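Please consider the sequence and the model together.

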Amino acid sequence: MVNSSGRASGQKAHLLLPTLKENDTHCIDFHYYFSSRDRSSPGALNVYVKVNGGPQGNPVWNVSGVVTEGWVKAELAISTFWPHFYQVIFESVSLKGHPGYIAVDEVRVLAHPCSHPGYIAVDEVRVLAHPCRKAPHFLRLQNVEVNVGQNATFQCIAGGKWSQHDKLWLQQWNGRDTALMVTRVVNHRRFSATVSVADTAQRSVSKYRCVIRSDGGSGVSNYAELIVKEPPTPIAPPELLAVGATYLWIKPNANSIIGDGPIILKEVEYRTTTGTWAETHIVDSPNYKLWHLDPDVEYEIRVLLTRPGEGGTGPPGPPLTTRTKCAGKSLRPGFIWEAGQIFLCDSHT
């Protein structure tokens, strides 16, 4: 029991439910009650769902600025699946200049509305082994994997009826909220919402969950991971195995990389050192032969690697710079090779 009279705005009291584990969507319902002498709200009531001992984050349900006429029922549809565990936290917040009382009592608040105005209370907290009757509940949210710089989209699928007054958002592990902008009704019992996440600028793993607030309460999904992968790049240049006048044998050296696998495609691109990149060849063997090259010309060769997903091709690795051999010259009939003679390929000996 907290007397809010004379309290500073923002002072809080908490009711922490026991840690719970379930293997299916289930429901927690409760009753709340607001009253005051001057009919002004004595404060606010927030509800948090903390998962696996992580941060409290932002509320998944809250009410403020009202005075209720008796007890009002609300529901929490929790979709946190075993072996993950969670804890529900009720938080009452005092408001300066609005005298009254804020009361909670362990797991079940046994107090009922009484003749003393000025209470915020939580009453009859119980766990129900079935989805809520009014608050929508989410199906399991799936992990999303993208490559750096690509759009990541979560799809939140919920059971229940969708109302235009419902508020949907995506909540990050650290509590940051992102509004869900696209909602689609699948049928009279199910709807879905999608949101693009901009947190893909660098290699990382972060967690998100779907939250919906309706007239009957709130629904909370499991946390799913946003996994951002870095496309692979070879650390070393290709290895030169053999040289001819019109060909080069190389080994791509694609086993040692910067970034993430698996590698689903290897390519070799090459050019003359004085020109632009000419061709790209797919490599499907440990060694590769570049054909139809020009004699006595310097080439740069580098390797491109690709992992699954859009944008999965990484930057090219360091180049191998090498020169093809001179082409053999045909001698005219009757020409006699003399010791010490030198033949030139272009300007090179």
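This is a predicted model: local features need pLDDT of at least 70, side-chain atom pairs count only at pLDDT 80 or more; totals for chains, interfaces and linings use all residues.

Residues are numbered from 1 along each chain as its sequence is written, and side-chain values use heavy atoms, with hydrogens and water left out.

Across the whole structure, 7 aromatic pairs are found (ring centres of Phe, Tyr and the six-membered ring of Trp within 6.5 Å; planes under 30 degrees apart are stacked, over 60 edge-to-face, the rest tilted). One of them joins Phe-30 and Phe-90 edge-to-face, at 5.0 Å centre to centre and 75° between the planes. Because Phe-30 belongs to strand S3 (residues 26-34) and Phe-90 to strand S7 (residues 86-94), the pair ties together parts 60 residues apart in sequence. Phe-30 and Phe-90 are both buried (under 20% relative accessible area with a 1.4 Å probe, protein chains only; exposed is over 50%, partly exposed in between). Together with Tyr-32 and Trp-61, they form one aromatic cluster.

Charges also meet rings (NZ of Lys or CZ of Arg within 6 Å of the ring centre and within 35 degrees of the ring normal). Arg-140 places its charged end over Phe-81, 4.1 Å from the ring centre, and Lys-289 lies over the face of Tyr-247 at 4.4 Å.

An open sheet of 3 strands, with antiparallel pairing, has the order S21-S22-S26 (strands are DSSP E runs of at least two residues, numbered from the N terminus; two strands pair if DSSP finds at least two bridges between them). Strand S22 (residues 248-251) and S26 pair over 3 bridges, and Leu-248 has Leu-290 in S26 as its bridge partner.

Conventions: Helices (H or I, at least four residues) and strands (E, at least two) are DSSP runs, numbered from the N terminus.
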